[in-house]
Amino acid sequence: MTLPPGDKPAHWSGAVSRALLSVDMRLERPDQWSARITAEGLGPVQIASIDSDPLTISRDPGHILADGRDCLMARLQESGTSTVHQDGRTESLLPGALAFYDASHPFTLVMPEAYRAKVLVMPRRALGLSEAELPHLIARPIQPDTALSAMLLPIISRLADGAGPHPWPIRRQIARTLLDLLATLATGVLDTLDTLGTGDMEDRRAGADRAHLARVHAFINKHLADSGLSPETIARHHGISVRYLHKLFQEHGTTVGRWIRQRRLEECRKELARGGRSSRTVAAVAQHWGFISPAHFSRVFRAAYGMSPREWQALWREPVGAAREQPHDRARDRAGERADERRPHATTLVGPARALMDDKPCAPGQGGARRRA
């Protein structure tokens, strides 16, 4: 059906709320405005592709209280421009740039011209960042002007575009890859801020310290599964004192034990996300990576990632019915999409949408939904 101009803001707000999270919309010219959103579920990651005429999106404390979403969002600007306002920071997003923002805090997005963007929604701790690190990342554009961002941003865009037609095991791997790439970008931003904040820190750090630390990191990574790994064994292997070993890590704001624990948690998190019938139990994964006590492992995992190991593992399980999808179902869906493309200016929900994901944190709704206003 064709919507009267006065109904378009409420309709579009509802579509975005179902696909992503609760927000309000303000349109400058409702009578001439049109937009399209396509949402895709990849386990714990929700991807939305948006084409829209100018508008303003806002999320206030009432929306946060209403839907309870505690997610991290990444916006990849493909065309047009956006301005992100959150936590006292205002930044412009140019084509090709990406910015993170936090669904648990109010924000405003101003799009003064027609635009195209991708929005990725993920659990708040999916990138492995601490609560102290997140505020430094929010509303800070990542421009494609460094070697790292120029390499990764196009890959993120292509992966987000191409996940849909693949079977669930491949889609799950794409989701893991997206989270890894986003985490790499975020780490690059935080490392740059640390360097700027400490002036000539790199110049003051001795080359011998850097070389020792690199060798220690490599040794720890090689022996992560050894539950007997300790500062004493590490120092003895490298012919240095335990005190000097602690000093190497203290200069980077951590400790030997904390760094080992974080690396073990990262490996456990990766393994628990692999899924499949042959996957190990949570307790077996914890023991393999050097955690002696399953209860202790569960506590430190929840502290690091905001959910239990079992909850994280459940996010990556194959959705019910996904493996039973038949070729004629896909053909029917494609036929429906082609028919939808021939109906411009209509408001359509293509369906019934396939169940691509269960009800999971930060991934509302079922399947891929397309709405046009």
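The side chains of Lys270 and Glu267 form a salt bridge, with a distance of 4.0 Å from N to O. Both residues belong to helix 10, which covers residues 256–272. They stand 3 residues apart, about one turn of the helix. Lys270 is partly exposed at 41% relative accessibility, whereas Glu267 is buried at 14%.

Glu271 takes part in a salt bridge with Arg280, in which N and O are 2.7 Å apart. Glu271 is buried, with a relative accessible area of 10%, while Arg280 counts as partly exposed at 36%.

## Confidence of the model

The model is predicted. Its average pLDDT is 79, and 78% of the residues reach a score of at least 70.

Two stretches with a pLDDT under 50 call for caution in reading. One of them is residues 198–205, for which the model has 5 contacts beyond four places in sequence. Another is residues 323–361, where the pLDDT is below 50 and the model shows 71 contacts beyond near neighbours in sequence.

## Salt bridges and a charged network

Across the whole structure, 15 salt bridges are found. One of them joins the side chains of Arg124 and Asp102, with 2.6 Å between N and O. Arg124 is located in the loop between strand 10 and helix 3 (134–137), and Asp102 in strand 8 (residues 98–102), so this pair ties together parts that are 22 residues apart in sequence.

Arg124 is buried at 13% relative accessibility, and Asp102 is buried as well, at 3%. Both residues also belong to a network of salt bridges that links Asp70, Asp102, Arg124, Arg125 and Glu131. In general, side chains of opposite charge can pair when their charged atoms come close.

## Lys118 in strand 10

Lys118 is part of strand 10, which spans residues 115–123. Is this lysine buried or exposed? Lys118 is buried, because its relative accessible area is 2% and the cut-off for a buried residue is under 20%.

The side chain of Lys118 makes a polar contact of 3.4 Å with the side chain of Ser157. Beyond its neighbours within four places in sequence, Lys118 is in contact with residues that include Ala48, Ser49, Ala74, Arg75, Leu76 and Glu78. Ser157, Ala160 and Asp161 are also among its contacts.

## The nonpolar core

The largest nonpolar core has 94 residues. Which of its residues touch the most other members? They are Trp12, Phe100 and Leu127. Helix 5, formed by residues 168–197, gives the most to this core, with 11 residues.

## Residues with positive phi

Asp87 is not a glycine, although it has a positive phi of about 50 degrees. Asp87 is placed in the loop between strand 6 (82–86) and strand 7 (89–93). With 47% relative accessibility, Asp87 counts as partly exposed.

Ala139 is another residue other than glycine with a positive phi, near 55 degrees. Ala139 lies in the loop between helix 3 and helix 4 (147–162). Ala139 is buried, with a relative accessible area of 1%.

Note on methods
Residues are numbered from 1 along each chain as its sequence is written. This is a predicted model: local features need pLDDT of at least 70, side-chain atom pairs count only at pLDDT 80 or more; totals for chains, interfaces and linings use all residues. Side-chain values use heavy atoms; hydrogens and water are left out. pLDDT is the predictor's confidence in each residue, from 0 to 100. Contact means heavy atoms within 4.5 Å. Helices (H or I, at least four residues) and strands (E, at least two) are DSSP runs, numbered from the N terminus. Buried means under 20% relative accessible area, exposed over 50%, partly exposed in between (1.4 Å probe, protein chains only). A polar contact is a pair of N or O atoms within 3.5 Å; within protein, one must be able to donate a hydrogen and the other to accept it, and residues adjacent in sequence count only if both atoms are side-chain atoms. A nonpolar core is a set of buried Ala, Val, Leu, Ile, Met, Phe, Trp, Tyr and Cys residues joined through side-chain atoms within 4.5 Å.
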